[in-house]
Amino acid sequence: MDVNNDAPVHPMRRNKQRVLLLSSRGVTQRMRHLMSDLEALLPHVKKESKLDSKSQLHLLPELADLNNCNNALYFEARRHEDLYMWAAKTPNGPSVKLHVQNVHTMDELKMTGNCLKGSRGILSFDKAFDDTEWGKLTKEVFTHIFGVPPTARRAKPFIDHVLTFSILDSKIWFRNFQILEKDPQQPNAPPKTSLVEIGPRFVLTPIRIFEGAFGGATVYSNPEFITPTAVRTLIKRSKGDKYGKRKDAQEDITRRKELRRREEDALTVSKVFA
């Protein structure tokens with residue numbers, strides 16, 4: 001067998017995923033705690049100060065490049081405590097815009113589970129992600145963002161928790177579980193692997209998937225998504241309809257009373273006791 005010693009040697013490809021984590025101005029305390037929890041779970045994250053303007057999303061790819069990051073996780077706050085999350089591959093995309101709901105941080109849940117800070121986690125995706133094109137794209141973006149590379153600077157050489165992404169009712173449910181080899185209540189029992197929830201937990205509703213980073217052509221648009229503003233408008237309209245029906249009923253009662261009123265004659269009370 002001939003061996004060509006002059007053949008080029010291809011080094012093993014290294015996973016150099018880094019994520020830029022930042023938010024817009026106006027985020028609430030719960031949103032800040034959620035970002036702190038994600039920063040603790042993802043040791044390959046670089047946190048940046050808040051973005052002044054919500055309309056200058058095109059600056060985010062440049063900001064990620066300045067921080068030597070090829071992914072970005074941006075939380076955008078709106079009125080009435082509405083929170084949106086952008087998950088993007090920089091600088092060329094794609095990017096996913098999602099609506100964040102039912103946020104519960106680690107401090108709120110007070111779960112019994114715990115994990116080492118800086119440890120790597122296993123990503124678990126529901127098989128429903130492979131059934132749709134938007135699910136495949138979202139899974140690919142989340143894999144790059146939430147998958148901690150083994151060569152991350154602050155990563156510990158341990159895997160002790162599982163990050164799960166499940167699809168239910170066209171929404172993405174995020175959970176974090178600790179991997180337990182033994183039951184703390186029975187330390188002398190034989191090893192038995194179990195999962196204990198740590199937190200945080202939240203629900204993501206996909207809105208749009210863009211071809212570029214934080215913009216570009218729309219690859220997918222969720223036809224079932226209703227904006228929180230539209231929901232609040234419908235609630236106010238329903239309350240207004242109740243008020244209108246009540247006023248119509250009062251006017252109807254007044255009109256019927258007028259129809260039942262008799263004409264005045266000589267024996268009318270007002271004339272007898274005048």
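Visitor: Which residues does Phe146 touch, not counting residues up to four places away in sequence?
Guide: This is a predicted model. Contact here means heavy atoms within 4.5 Å. With sequence neighbours up to four places away set aside, Phe146 touches Leu38, Leu42, Leu123, Leu163, Phe165 and Phe174.

Visitor: Which residues touch the most other members of the largest nonpolar core?
Guide: That core has 40 residues. Phe146 is on the list, and so is Phe165.

Visitor: How many residues are in the second, separate core?
Guide: This core stands apart from the largest one. Its members include Leu20, Leu60, Tyr74 and Phe214. The count is 14 residues.

Visitor: Which residues form one aromatic cluster?
Guide: Phe146 belongs to this cluster.

Visitor: How many aromatic pairs does the structure hold?
Guide: Rings pair if their centres lie within 6.5 Å. By that rule, the structure holds 12.

Visitor: Trp86 and Phe210 form an aromatic pair: stacked or edge-to-face?
Guide: The ring centres of Trp86 and Phe210 are 5.5 Å apart. Their planes make an angle of 20 degrees. Planes under 30 degrees apart count as stacked, so the pair of Trp86 and Phe210 is stacked.

Visitor: How many residues apart are Trp86 and Phe210?
Guide: Trp86 is in strand 4 (residues 83–89). Phe210 is in strand 10 (residues 201–212). The pair links distant parts of the chain, 124 residues apart.

Visitor: Are Trp86 and Phe210 buried or exposed?
Guide: Buried means under 20% relative accessible area. Both Trp86 and Phe210 are buried.

Visitor: Which residue lies over the face of Tyr84?
Guide: The distance to the ring centre of Tyr84 is 5.2 Å. The residue over that face is Lys97.

Visitor: Why does His44 count as buried?
Guide: His44 is found in the loop between helix 1 (29–41) and strand 2 (45–47). Among the residues that His44 touches are Gln17, His144 and Pro149. His44 counts as buried because its relative accessibility is 5%.

Visitor: What percentage of the residues in the chain is buried?
Guide: The chain has 274 residues. Its secondary structure comes to 6 helices and 11 strands. Buried residues make up 38%.

Technical notes:
Residues numbered from 1 in each chain as written. Predicted model: local features only at pLDDT ≥ 70, side-chain atom pairs only at ≥ 80, totals over all residues. Heavy atoms only, no water. Phe/Tyr/Trp six-rings, centres within 6.5 Å; stacked < 30°, edge-to-face > 60°. Helix = DSSP H or I, 4+ residues; strand = E, 2+ residues; numbered from the N terminus. Buried < 20%, exposed > 50% of the residue type's maximum accessible area, 1.4 Å probe, protein only. Lys NZ or Arg CZ within 6 Å of the ring centre and 35° of its normal. Core = buried A, V, L, I, M, F, W, Y, C linked by side-chain atoms within 4.5 Å.
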